[in-house]
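Open the model in your viewer and keep the sequence panel beside it. This tour says what to select at each stop and what you will find there.

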Amino acid sequence: MVKPTRITNTIRALRFTHDEMTQAELADRIGVTRQTVIAIEQGRYSPSLEVAFLIARTFGVGLDDVFHYPGAEGDTP
């Protein structure tokens with residue numbers, strides 16, 4: 001069984017606010033499969049740093065606007 005990551009993200013909300021971009025469209029833009037996008041969105045997989053930057057760049061936001069790690073500065077445990 002795969003252990004879920006503690007990293008959360010706002011990818012689904014960002015896709016919705018960017019012309020309701022589909023998971024397949026995001027996958028094409030960042031060079032991964034749709035299944036990878038699904039796994040990242042659901043917190044079952046943590047992307048590589050390169051993919052994380054590509055996701056943030058696609059939406060025109062910073063990494064910390066997409067990904068959140070519990071206990072990080074400004075987060076409540």
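## Stop 1: where H2 meets H4

Select Leu26, Arg29 and Ile30 in H2; they meet Val51, Leu54, Ile55, Thr58 and Phe59 in H4. By type, the residues of this contact divide into six nonpolar, one polar and one charged. Here Ala, Val, Leu, Ile, Met, Phe, Trp, Tyr, Cys and Pro count as nonpolar, Asp, Glu, Lys and Arg as charged, and the others, Gly among them, as polar. Contact means heavy atoms within 4.5 Å. Helices (H or I, at least four residues) and strands (E, at least two) are DSSP runs, numbered from the N terminus.

Before moving on, note that this is a predicted model, in which local features need pLDDT of at least 70 and side-chain atom pairs count only at pLDDT 80 or more, while totals for chains, interfaces and linings use all residues. Residues are numbered from 1 along each chain as its sequence is written, and side-chain values use heavy atoms, with hydrogens and water left out.

Now draw the two axes. Those of H2 and H4 come within 10 Å and cross at roughly 115 degrees. Axes are lines fitted to C-alpha atoms, for helices over the stretch in contact, and angles run from 0 to 180 degrees between N-to-C directions.

## Stop 2: around H2

Select Gln23, Leu26, Ala27 and Ile30: these residues of H2 are buried. They cover an arc of only 100 degrees around the axis, so they sit on the same side of H2. The arc is that of the directions from the helix axis to the C-beta atoms. Buried means under 20% relative accessible area, exposed over 50%, partly exposed in between (1.4 Å probe, protein chains only).

Then show what covers the buried residues of H2: the cover includes H1, H3 and H4.

Zoom in on Gln23. At 18% relative accessibility, Gln23 counts as buried. Leaving out residues up to four places away in sequence, Gln23 touches Arg15, Arg34, Val37, Ile38 and Glu41. Step past the end of H2 to Gly31, whose phi is positive, near 80 degrees.

## Stop 3: around H4

Which residues of H4 are buried? Select Val51, Ala52, Ile55, Ala56 and Phe59. Viewed down the axis of H4, they fall within an arc of 135 degrees, so they line one face of the helix. Leu49, Glu50 and Arg57 are exposed on the other side.

The buried residues of H4 pack against H1, H2, H3, helix H5 (63-66) and strand S2 (67-68). Gly60 follows H4, and its phi is positive, near 70 degrees.

## Stop 4: Leu14 in H1

Leu14 lies in helix H1. Its relative accessibility is 12%, so Leu14 counts as buried. Show its contacts: Leu14 touches Phe59, Val61, Asp65 and Val66, not counting residues up to four places away in sequence.

## Stop 5: the core

Finish with the largest nonpolar core, which has 15 residues. Such a core is a set of buried Ala, Val, Leu, Ile, Met, Phe, Trp, Tyr and Cys residues joined through side-chain atoms within 4.5 Å. Select Ile11, Leu26, Ile55, Phe59, Val66 and Phe67, the residues with the most contacts inside it. H1 (11-17), H2 (23-30), H3 (34-41) and H4 (49-59) are the elements that give two or more residues to this core. H4 gives the most, with five.

Neighbours within four places in sequence aside, Phe67 is in contact with Ile7, Thr8, Asn9, Ile11, Ile40, Pro47, Ala52 and Ile55.
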